[in-house]
Amino acid sequence: MLLGARIGKSIGLWQVDAFGNLKESTKDLNYLTLGSGGDYVAKHMASLSEKGVINNDTITIPEALDLATKCLELAEQDPNTSGLDLAVVTNKGVSYFGDFIQETMKKQRSRMISYIKRQYR
């Protein structure tokens with residue numbers, strides 16, 4: 001589970017694992033990696049942070065979504081990583097898109113298989 005809270009003008013992020021342990025995001029950039037592909041993401045984020053490519057105070061939501069998409073692609077290098085889950089956390093609230101993404105991908109998969117079958121009729 002991921003928790004976000006507004007503290008003054010900042011947003012804090014915490015992960016609560018299955019055992020109830022709390023892990024706070026203490027990095028220069030407010031992000032958490034969850035799951036087995038997290039090491040790939042952490043390396044990428046550290047590289048971007050060291051190069052000064054990302055600024056936690058000026059990144060826009062569209063830029064953050066592009067970054068999240070790239071990180072999810074990197075995480076898929078891990079053989080135990082599957083699925084795509086996405087939530088946007090702002091000082092106005094949380095917008096969850098995981099179910100929408102999964103349902104859309106399922107429909108597209110079905111359409112692709114149907115298209116391929118039609119090629120062999």
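**Notes on the predicted model**

1. Glu 24 lies in strand β3, which covers residues 22-24. The model is a predicted one, and the remarks below should be read accordingly. With a relative accessibility of 44%, Glu 24 is classed as partly exposed, because that class lies between the limits of 20% and 50%. Apart from residues up to four places away in sequence, Glu 24 touches Leu 13, Trp 14 and Leu 32. Gly 12 is twelve residues from Glu 24 in sequence, and the two C-alpha atoms are 7.8 Å apart in space.

2. On the overall arrangement, the protein chain contains three helices and five strands. Read from the N terminus, their order is β-β-β-α-α-β-β-α.

3. On confidence, the mean pLDDT of the protein chain is 82, and 88% of the residues reach 70 or more. Of the elements, strand β1 (residues 2-7) has the lowest mean, 65, whereas helix α3 has the highest, 93.

4. On burial and surface, the protein chain has 121 residues, of which 21% count as buried. The accessible surface of the chain amounts to about 9,300 Å², and carbon and sulfur atoms account for 53% of that area.

5. Which residues make up the largest nonpolar core? This core has eight members, namely Tyr 31, Val 41, Met 45, Leu 48, Ile 54, Leu 67, Cys 71 and Ala 75. The elements that contribute two or more residues to this core are α1 (38-51) and α2 (61-75).

6. The C-alpha atoms of Met 45 and Cys 71 are separated by 8.2 Å, although the two residues are 26 apart along the chain.

7. Leu 67 is another member of the core. If neighbours within four places in sequence are set aside, the contacts of Leu 67 are His 44, Met 45, Leu 48, Ile 54 and Ile 59. Three of these partners, Met 45, Leu 48 and Ile 54, are themselves listed in the core.

8. Turning to helix α3, Phe 100 is found in this element. Phe 100 has a relative accessible area of 58% and is therefore exposed, since the exposed class begins over 50%. Leu 86 is 14 residues from Phe 100 along the chain, and their C-alpha atoms are 9.5 Å apart.

9. Tyr 115 also belongs to helix α3, which spans residues 98-118. Its relative accessible area is 48%, so Tyr 115 is partly exposed. Together with Ile 113, Ile 116 and Tyr 120, Tyr 115 forms a nonpolar patch on the surface, and the four residues have about 480 Å² of accessible area together.

Methods. Residues are numbered from 1 along each chain as its sequence is written. This is a predicted model: local features need pLDDT of at least 70, side-chain atom pairs count only at pLDDT 80 or more; totals for chains, interfaces and linings use all residues. Side-chain values use heavy atoms; hydrogens and water are left out. Patches are made of residues with over 30% relative accessible area and no salt bridge: like charges are joined within 9 Å, nonpolar side chains (Val, Leu, Ile, Met, Phe, Trp, Tyr) within 5 Å. Accessible areas come from the Shrake-Rupley method with a 1.4 Å probe; for residues, only the protein chains shown count as cover. A salt bridge is a side-chain nitrogen of Lys or Arg within 4 Å of a carboxyl oxygen of Asp or Glu. Helices (H or I, at least four residues) and strands (E, at least two) are DSSP runs, numbered from the N terminus. Buried means under 20% relative accessible area, exposed over 50%, partly exposed in between (1.4 Å probe, protein chains only). A nonpolar core is a set of buried Ala, Val, Leu, Ile, Met, Phe, Trp, Tyr and Cys residues joined through side-chain atoms within 4.5 Å. Contact means heavy atoms within 4.5 Å. pLDDT is the predictor's confidence in each residue, from 0 to 100.
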